[in-house]
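Colleague: Please walk me through this one, starting with what sits around the ligand.

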Amino acid sequence: MFNWKEFEHLHVVRKLKEILIHWWNVEVFFSDDRGLLRTIEKGEEKEFANAVCNLVINTERGFESFADFITETTKKIKNSGADFTVDDWEIGLKASIYPIYIHDEFMGSVVAVGYFHETDLEKQRTYLKKRLIEMGLGVEDVEEAIQTIKCIKKNEVDYFHELVGLVAEEIVTLHNEISVREERISELNKELGTRYKYDTMIGKSKPMQDLYSLLDKIRESESTVLIQGDNGTGKELIARAIHYNSHRKDRVFVTQNCSAFNDNLLDSELFGHMKGSFTGATRDKKGLFEVANGGTFFLDEIGDMSQAMQVKILRVLQEGTFIPVGATEPRKVDVRVIAATNKDLKEMVERGEFREDLYYRINVINISVPALRDRKEDIPLLIDYFLEKSAKEKNTKKKVLVKRAYEKLLDYNWPGNVRELENEIERLSVLSGTDTKITADMLSPRIKTFGDAKSIQGVRVQGKLKDSLEELEREMIKEGLRRNSWNKSKLAKELGISRAGLIMKVEKFGLDKRKANKD
Ligand SMILES: Nc1ncnc2c1ncn2[C@@H]1O[C@H](COP(=O)(O)OP(=O)(O)OP(=O)(O)O)[C@@H](O)[C@H]1O
Ligand SMILES: [Mg+2]
């Protein structure tokens, strides 16, 4: 249930490891609750930055010695219940060990290994050399490797341990995030079974369920509906779902994009015209309102409509009548109107760009469509759906995404919402050619590099240690505040510090909401 490899990929963990290597040439390892070394296996060649680890762990005997040490020291820390401990690997290198607890249950440890203490440096070097030569390693290699081992000075010890501890904390945070997500998904699966009510719409998340129950309530009503949501969130899909689940379903569903035409054309498009009413009007033409009679009329991008058109639409909504271009008599229709926009109509009303009376007339029932980033648990379902769709269209076998690619898709913030996801999956299906596997390196660059740019990339690994630690702390708090929507209690818990402590740090780093938003 604990995915150690995943933790290794965590951006924060990678960054912390980089810092630990840069400053003290120390390697970080994980062990599970039984003390088994994770993320590295026997017989696996691995390149370590720490030259002694590199020499020793890549030999069979050395690996065993190391694995034993990890088991022993993990047992020790588990039994002692200590916050952390420092131990000696028998060959003569020091290690700092932090336990990982999830809800008071011991899950394993983080071991940072490969340094000397400040005192008796020469003695430590001599001992290490003796042991390595006893292991059958070449004298020259050994001497060269030992030169690179660093000692942790007394005034650095606290910082060093703090960093190793942070690795353990980040693992706990990520693990908790993942299990909350998984719990939520399995709950939803139970609630909904495998069938969805609105079968064109994919999504089992809470926001989508709220949407379905709203649709249940309103589909039979005659009231006008205003659907608001960002680009590609599925506004049109929802409008169709309302129509095809209402008693009007056997009549037409007509769509008109209000931004696509100039006023005159839109006028004639919507309301029709009489023969001879303008040059080119060689015969009577029915407007879309008339075509939609008995059915549903979907007015898309209603926020782009001119003031003059707004007046005419208002009339249809209020009286159910309109006058075709060039006609004298009004006509009456029975049409349910659904409007959609990605603009903030209310704000447009305040700015005088949209008629207030029309706004209230349209906004009888308001549907605001959740953005994809607010319902990330639906992403796997959508991916599956689009993979299936693409396979059907191309008559090929359904493709599979590797886990890493999934994670990247989950991390991304999807400004273009479902449409962007759909396009990405389509692109991946094409790119992967005859390969059934889709790997992370095939992802679009913006998705592949998303987490890297966002998190703590700015941390320095040069200059004063204290400064770089403060910088790291600042970045972690800044990023954590965003992630937790400025909920300080939640973040304090995550970081394992008191709320007061966090508030002090927020003050110290000038990270209160308004300032942080300006960054
Ligand atoms: N919940 C969903 N399940 C499956 N497909 C969806 C879902 N939501 C959106 N889509 C798909 O995403 C694409 C965009 O949806 P749609 O055109 O309805 O969005 P929109 O909000 O009208 O976008 P725009 O703002 O660009 O007009 C469509 O191909 C649609 O089928
Ligand atoms: Mg649309």
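Modeller: What follows looks at the ligand and its surroundings.
This is a predicted model, where local features need pLDDT of at least 70 and side-chain atom pairs count only at pLDDT 80 or more, while totals for chains, interfaces and linings use all residues. Residues are numbered from 1 along each chain, chains are lettered from A and ligands numbered from 1 as written, and side-chain values use heavy atoms, without hydrogens or water.

Colleague: Which residues come nearest to ligand 1?

Modeller: Of the 20 residues around ligand 1, the nearest are I202, G232, K235, R419 and E422, where near means having a heavy atom within 4 Å.

Colleague: What does E422 do there, at the level of atoms?

Modeller: An N or O atom in the E422 side chain is 2.6 Å from an oxygen atom of ligand 1, and a polar contact is a pair of N or O atoms within 3.5 Å.

Colleague: And which backbone atoms come in?

Modeller: Polar backbone atoms of G234 and of L237 each lie 3.1 Å from an oxygen atom of ligand 1.

Colleague: Changing topic, why does ligand 1 lie between domains?

Modeller: Ligand 1 lies between domain 2 (206–369) and domain 3 (373–451) because both give residues to its shell; the bounds come from an automatic or database domain assignment.

Technical notes:
Polar contact = N/O pair within 3.5 Å; in protein donor to acceptor, adjacent residues only side chain to side chain.
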